[in-house]
Amino acid sequence: MAKLIFHKKEEAQKEIIDRIQNLVDSDKPKDLVLNETARLLKENFPKYNWVGFYLMEGNELALGPYLGKPTPHTRIKLDSGICGAAVREEQTIIVPDVKYDPRYLACSLETKSEIVVPIRKGEKVVGEIDIDSDELNAFDEQDKSFLETVSEILSDCF
Ligand code: SME
């Protein structure tokens, strides 16, 4: 898909939300929807350098569709990483500087900050959106609320 041109972050977020809603409504297979969502996020938000999904499998998180450098963390136990913490706490976690967070599991040396947003189905966390940035402090409250909306929309394909 061609890169879209936006003048404001909110404008981009609104358009991307509509596109993701359309993808979910199209009843395409979940992996395809997640893959296309990762592409829309990575291509339209320059600070989003690694965009992927972890999906609950039993008591672990399994790496799902992603775009960015390959990660060694294909399975993450709930007692480790920022990813595990977001499932345990059932809430979004923003890490402004991964260097100072002892929970952080490194994926790439370039990563400086991270956001992990749980995806819920009813009461249960079924997966999460994980985004890494090569910039320090890349994620603010606006990213958080945008990605929480994306997560709510994606919940329908689980
Ligand atoms: N940084 C994550 C691990 C996944 S990679 O970023 C792709 C964590 O600390 O859980």
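View 1. A backbone N or O atom of Cys 83 lies 2.8 Å from an oxygen atom of the ligand, a polar contact being a pair of N or O atoms within 3.5 Å. A backbone N or O atom of Leu 105 is placed 2.8 Å from a nitrogen atom of the ligand, and a polar side-chain atom of Glu 114 lies 2.9 Å from a nitrogen atom of the ligand. The protein covers 100% of the 300 Å² of accessible area that the ligand has on its own, areas being computed by the Shrake-Rupley method with a 1.4 Å probe. The model is predicted, with local features requiring pLDDT of at least 70 and side-chain atom pairs counting only at pLDDT 80 or more, while totals for chains, interfaces and linings use all residues. Residues are numbered from 1 along each chain as its sequence is written, and side-chain values use heavy atoms, with hydrogens and water left out.

**View 2. The shell around the ligand.** The ligand is surrounded by 13 residues, the closest being Ile 82, Cys 83, Leu 105, Glu 114 and Asp 132, where a residue counts as near if one of its heavy atoms lies within 4 Å. The shell divides into eight nonpolar, two polar and three charged residues. Its largest share, three residues, comes from H3.

View 3. Asp 143 forms a salt bridge with Lys 9, their closest N and O atoms being 3.0 Å apart; the term requires a side-chain nitrogen of Lys or Arg within 4 Å of a carboxyl oxygen of Asp or Glu. This pair links distant parts of the chain, with Asp 143 in helix H4 (residues 141-154) and Lys 9 in helix H1 (residues 9-25), 134 residues apart, helices being DSSP runs (H or I) of at least four residues.

Notes:
A polar contact is a pair of N or O atoms within 3.5 Å; within protein, one must be able to donate a hydrogen and the other to accept it, and residues adjacent in sequence count only if both atoms are side-chain atoms. Helices (H or I, at least four residues) and strands (E, at least two) are DSSP runs, numbered from the N terminus. Ala, Val, Leu, Ile, Met, Phe, Trp, Tyr, Cys and Pro count as nonpolar, Asp, Glu, Lys and Arg as charged, and the others, Gly among them, as polar.
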